[in-house]
Amino acid sequence: MLLGAGGHARVVLDALRSTGAREVVAVLDPDASKHGSTLAGVPVVGADDELEAYPALRFDVVVAVVGFGRHVARHALAARLRADGYRLATVVHARATVARGVALGEGVQVLAGAVVNPGAGLMDDVIVNTGAIVEHDCVLERGVHLAPRAVLGGGVTLAAEAQLGLGAVVLPKLHVGAGAIVGAGAVVTSDVPAGAVVVGSPARPIGRPTG
């Protein structure tokens, strides 16, 4: 089961099909205008409340929605699915590179062209989007999202639900705090506090940290 019928869902569906290991049988999306249509040939069968027709003992789920900024919906959705007994499938595109021995949590998505190097650890619900790079010995805690072409130097830690925008760079051995947001194209040269929003090169905070 795929939850979401937008652009990211098409990317995730391509990743699933690239390996041939899993078949997506249906798509759910709360947008009623999409119901009865298809996503790359897979039927959109209704909203999330239709999930009960697909029991947890028989079907895994992929959360194929993303957001950027505060209160990202996919985190609450993943928690609710687990509470209902569903397993969130881990997705690695056939054209992604994940080093041997890298620890991948449940619900992780590593998409086309992404690289995850030796010693890295990706906890539950991490997204390493198209072409992003996770260098050696990085730790990405629960719910982290790297947008396309984001780059982490070696030994970086991203705390839970931190987000990096398109093309953002974090220099080696730095720490980005929980819920922090690094804007597109930013270059992080020092630790980022939890809840902060930083932009620019070198990255500087906008406003005060929250959370």
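A: The following account takes up the cavity, then a pocket, then the sheet. The model is a predicted one. Two elements each give two or more residues to its lining, namely strand E5 (62–63) and helix H2 (73–83). The lining of this largest cavity consists of Val61, Val62, Val63, Arg74, Ala78, Leu88, Ala89, Gly107, Gln109, Asp125 and Ile127. By class, these lining residues comprise 7 nonpolar, 2 polar and 2 charged.

Val62 and Ala89 line the largest cavity and are also among the residues that line the second largest pocket. That pocket has a volume of about 160 Å³. The lining of the second largest pocket has 7 nonpolar and 4 charged residues, with no polar ones.

Strand E5, which contributes to the cavity lining, also belongs to an open sheet of 5 strands with mixed pairing, in the order E3-E4-E2-E1-E5. Strand E3 (38–39) and E5 are the edge strands, and each has a single partner strand, so one side of each lacks a neighbour in the sheet. Further inside that order, strand E1 (residues 2–3) runs parallel to strand E2 (residues 27–28), and 2 bridges join them. Leucine 2 has valine 27 in E2 as its bridge partner.

Definitions and conventions. Residues numbered from 1 in each chain as written. Predicted model: local features only at pLDDT ≥ 70, side-chain atom pairs only at ≥ 80, totals over all residues. Heavy atoms only, no water. 1 Å grid on protein atoms, 1.4 Å probe; cavity = no way out; pocket = protein on both sides within 12 Å on 5 of 7 lines; lining within 4 Å. Helix = DSSP H or I, 4+ residues; strand = E, 2+ residues; numbered from the N terminus. Nonpolar A, V, L, I, M, F, W, Y, C, P; charged D, E, K, R; others polar. Pairing = 2+ DSSP bridges. Points joined across faces, edges and corners; volume = space filled by probe spheres on them.
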